[in-house]
Amino acid sequence: MKVEGAWRRTIERDGHAVRVLDQAKLPYAVEWLRLVTLADCARAIRDMHVRGAPLIGVTAAYGVAIALAEGTPLDEAIRLLAATRPTAINLRWALERMRGANDAFAEADRIAEEDVALCGAIGEHGLPLVKGAAKTGRARVLTHCNAGWLATVDWGTALAPIYKAHEAGVDVHVWVDETRPRNQGLLTAWELAQHGVPHTVIADNAGGHLMQKGEVDLCLVGTDRTTRSGDVCNKIGTYLKALAAHDNGVPFYAAVPSPSIDWTLDDGAAIPIEERSGDEVRFIAGREVVPPGIPVANPAFDVTPRRLVTGLVTERGVAPATADGLRVLFPEHAR
Ligand code: MRU
């Protein structure tokens with residue numbers, strides 16, 4: 001990925017520490033944070049200096065390695081990190097991987113490298129969808145939240161096919177949902193701009209209208225947890241986009257690396273939905289826009305039922321959003 005013209009990753013090993021691009025500062029400032037202690041790693045995940053399901057998992061893996069180097073017992077480190085954010089299954093997946101590691105830093109490095117490979121493969125498998133969407137000569141893709149390289153180590157999930165298409169000379173334009181209350185759409189706009197991919201930020205409520213007007217060819221989103229039967233949990237507001245896409249005949253795909261699949265769950269309704277501080281709704285850029293005394297709520301994710309999902313773009317190919325579809329691609333998880 002390109003950060004101000006230089007090739008970087010969102011998380012980079014620095015001895016027995018890591019450097020991460022501080023997403024709480026983007027897109028207004030490009031700053032790197034050095035995570036040196038277990039507490040630094042837990043805080044970075046909880047306060048969303050790093051975010052996005054795959055990157056949360058990788059940061060937690062390094063958190064375990066750092067904790068062990070500090071002399072913190074493994075179980076204590078895992079307990080602390082597991083409690084940082086409840087919805088992204090990649091966190092639990094990475095912590096389980098670390099439980100069995102002989103050399104913790106080497107295992108965390110492997111998880112990071114694998115993430116790059118998974119996302120690159122998702123890009124290749126999703127590329128034909130973007131090419132196929134360019135019926136008018138231009139592929140107009142709507143995305144929600146940030147499922148780009150900022151949410152992973154490199155490439156991204158939902159944005160990987162877009163980068164691959166852009167590299168292949170396909171004319172792509174991305175409608176970027178603002179994604180209130182945390183405005184992850186601004187992260188998407190920032191990273192697309194770093195690579196010169198044309199895009200437009202829209203208010204979260206604009207997508208349905210654009211779909212009705214025939215201005216969206218394809219919806220492509222990420223996921224924090226997808227059930228073994230294909231229900232897709234992602235950033236709050238994803239479900240509304242899927243409903244609008246369904247009503248307007250717009251294909252709706254989720255990009256799903258296998259560490260984001262919860263093989264223990266059939267029903268998306270069982271996924272724990274993170275409830276974040278109401279202050280994220282009450283304040284915009286430090287200004288109190290919802291007056292004191294007015295109650296606010298802030299559920300951070302929602303579940304799009306599989307009937308609204310056209311397909312799942314995984315590192316092994318595109319599957320229908322069904323238990324059978326996933327089982328064919330991942331037979332090792334067949335029950
Ligand atoms: O709360 P966030 O910003 O961590 O939520 C991120 C998302 O919902 C992404 O779409 C998801 O993690 C997929 S990222 C490849």
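Me: Why is D177 called buried in this predicted model?

Reply: The relative accessibility of D177 is 0%. Buried means under 20%, so D177 counts as buried. The residue lies in strand β7, which covers residues 172-177.

Me: What makes D177 and K241 a polar contact?

Reply: Their side chains are joined at 2.9 Å. The cut-off for a pair of N or O atoms is within 3.5 Å, so the pair qualifies as a polar contact.

Me: Why is W7 called exposed?

Reply: W7 has 61% relative accessibility. Exposed means over 50%, so W7 counts as exposed. W7 lies in strand β2, residues 6-7.

Me: Which residues does W7 touch, not counting residues up to four places away in sequence?

Reply: W7 touches M1, K2 and H195. Contact here requires heavy atoms within 4.5 Å.

Me: How far apart are W7 and L95 in space, C-alpha to C-alpha?

Reply: The distance is 28 Å, and the two residues are 88 residues apart in sequence.

Me: How is the protein chain divided into domains?

Reply: Domain 1 spans 2-114 and domain 2 spans 123-333. Their C-alpha centres lie 23 Å apart.

Me: How do you know that domain 1 and domain 2 are in contact?

Reply: On the domain 1 side 33 residues are in contact with 32 residues of domain 2. Between them the two domains bury about 2,600 Å², with 57% of that area on carbon and sulfur atoms.

Me: What makes R85 and E274 a salt bridge?

Reply: Their side chains meet at 2.8 Å, N to O.

Me: How many salt bridges and polar residue pairs are found between domain 1 and domain 2?

Reply: The rule finds one salt bridge across the interface. The count of residue pairs in polar contact is 14, both residues being at pLDDT 80 or more. On the side of domain 1 that touches domain 2, β1 (2-3), α2 (53-70) and α4 (89-99) each supply at least two residues.

Me: What is the make-up by class of the side of domain 1 that touches domain 2?

Reply: That side has 18 nonpolar, six polar and nine charged residues.

Definitions and conventions
Residues are numbered from 1 along each chain as its sequence is written. This is a predicted model: local features need pLDDT of at least 70, side-chain atom pairs count only at pLDDT 80 or more; totals for chains, interfaces and linings use all residues. Side-chain values use heavy atoms; hydrogens and water are left out. Helices (H or I, at least four residues) and strands (E, at least two) are DSSP runs, numbered from the N terminus. Buried means under 20% relative accessible area, exposed over 50%, partly exposed in between (1.4 Å probe, protein chains only). A polar contact is a pair of N or O atoms within 3.5 Å; within protein, one must be able to donate a hydrogen and the other to accept it, and residues adjacent in sequence count only if both atoms are side-chain atoms. Domain bounds come from an automatic or database domain assignment. Buried area is the accessible area (1.4 Å probe) that two parts lose on being put together, summed over both. A salt bridge is a side-chain nitrogen of Lys or Arg within 4 Å of a carboxyl oxygen of Asp or Glu. Ala, Val, Leu, Ile, Met, Phe, Trp, Tyr, Cys and Pro count as nonpolar, Asp, Glu, Lys and Arg as charged, and the others, Gly among them, as polar.
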